[in-house]
Amino acid sequence: MEKSTDKKKVIVVGGGLVGALNACFFAERGFNVELFESREDIRRAEVVKGRSINLALSHRGRQALKQVGMEDKIVSQGIPMNSRMIHSLNGKQSPIPYGKKGQFILSVDRANLNKELLTKAETYPNTKLNFDHKLLDWRAETGRMTFARSDGSKEQINADLIVGCDGAFSAIRKQFLRRSRFDYSQTYIPHGYMELTMPPIDGEFAMKPNYLHIWPRNTFMMIALPNLDKTFTCTLFMPFDEFEKITTGDEVIDFFQKYFPDAIPLIGVDALKTDYFRLPGQAMVSIKCSPYHIEDKCVLMGDAAHAVVPFYGQGMNAGFEDCIVFGEILDQLNNDFSAVLPEYSRVRVPDDHAIADLAMYNYIEMRAHVNSKWFIFRKHVDNF
Ligand code: FAD
């Protein structure tokens with residue numbers, strides 16, 4: 001007999017990409033859903049802080065969006081990238097298709113995707129979104145959570161199921177770390193990343209838009225993804241000590257002249273000289289843990305369970321797929337959390353660990369071999 005879902009209260013902690021989508025998944029299944037997000041509502045915020053400006057959305061992410069009726073809308077707001085475009089040092093550009101003709105990944109705007117998913121979650125009558133609620137602590141025995149608000153007040157909430165979607169530095173995961181037989185590892189890579197904007201030229205994209213542009217330079221790498229406003233977001237990846245060696249605008253130009261000369265006129269000398277110093281290089285971490293659940297009370301999904309380095313373009317996509325897999329197991333096991341949660345860990349941990357390994361592998365691959373024959377062969381099965 002199917003266990004009733006409508007009286008069970010599911011609390012999703014974190015209203016980022018995976019949390020917002022997950023709220024939709026649980027709402028579709030009839031649970032009473034509440035989402036708690038530490039930031040203010042990004043739909044009303046003037047400046048949206050956070051990581052990368054745009055992201056590559058691929059098949060597994062699209063499948064998840066489809067299940068909540070959001071695929072067409074998000075795809076219509078994205079820019080298809082059919083191939084990678086490899087920029088050699090001498091300025092030569094060589095395309096490498098992602099797959100067969102007609103296959104592509106999409107460049108989507110992170111903030112817009114997050115806003116659309118929150119708006120979708122709000123359309124369910126059985127879902128309530130709470131912003132400016134930062135999880136401070138929670139108890140595995142009771143499911144009781146304590147949230148803090150920016151005015152200093154605190155609120156306590158109980159849940160039947162807590163879904164930790166609060167990102168790589170998850171507050172939910174802290175309770176897991178106190179428990180016996182919980183495996184956890186985190187690795188910071190020596191590279192950081194920095195985002196630079198390539199503006200349109202005469203109102204048009206400065207480079208061909210339907211490509212993910214890559215400048216592989218062994219130790220360094222730059223990629224660029226197109227945006228709807230005809231800009232490109234360029235992301236420069238390099239070791240932190242190299243970022244720190246560059247201390248003046250002229251040194252930035254010298255560095256670009258040496259490694260990315262074709263990008264200088266497109267980004268602009270003045271913009272390069274100033275934008276490079278706007279923010280320091282940002283760190284990238286890979287986190288693996290197991291299991292993803294505590295009894296029938298709590299489950300981790302998205303970056304809270306598996307933060308991966310961004311070189312496989314699969315962090316969000318894998319997090320979206322978590323929602324599909326959990327939903328399938330809920331169906332198979334009649335919404336019985338005591339059976340669903342261990343089964344979810346059993347099925348999902350190996351797959352998410354594999355994505356983390358592939359991403360780490362591509363970290364070396366994209367910089368070093370992206371223009372070798374072997375890379376071109378492998379790229380027919382890979383993603384980024
Ligand atoms: P997050 O996006 O981190 O969201 C977590 C949310 O929880 C946030 O809104 C945060 O405010 C909230 N929160 C945190 N703590 C609390 C608390 N205590 N209480 C309440 N709320 C809390 N992935 C791809 O698939 N394709 C790409 O092309 C891609 N490119 C990337 C490029 C870069 C440079 C980086 C760094 C990552 C990239 N990723 C990409 C990975 C992707 O960004 C993440 O996998 C994705 O954001 C994970 O979503 P999430 O919802 O799990 O976590």
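**Exercise 1.** State how far apart the centres of domain 1 and domain 2 are.

*Solution.* Taken over C-alpha atoms, the centres of domain 1 and domain 2 are separated by 28 Å. The model is predicted: local features need pLDDT of at least 70, side-chain atom pairs count only at pLDDT 80 or more, and totals for chains, interfaces and linings use all residues. Residue numbers start from 1 along each chain as its sequence is written. Domain 1 consists of 9–87 + 103–186 + 286–378, and domain 2 of 187–282; the bounds come from an automatic or database domain assignment.

**Exercise 2.** Describe the side of domain 1 that touches domain 2.

*Solution.* Begin with the contacts: 26 residues of domain 1 meet 23 residues of domain 2, where contact requires C-beta atoms, placed from the backbone, to lie within 7 Å. Next, find the elements that give two or more residues to this side of domain 1; among them are β3 (54–57), β13 (183–198) and α12 (337–368). Helices (H or I, at least four residues) and strands (E, at least two) are DSSP runs, numbered from the N terminus. The most is given by β5, with 5 residues.

Technical notes. Two residues are in contact if their C-beta atoms, placed from the backbone, lie within 7 Å.
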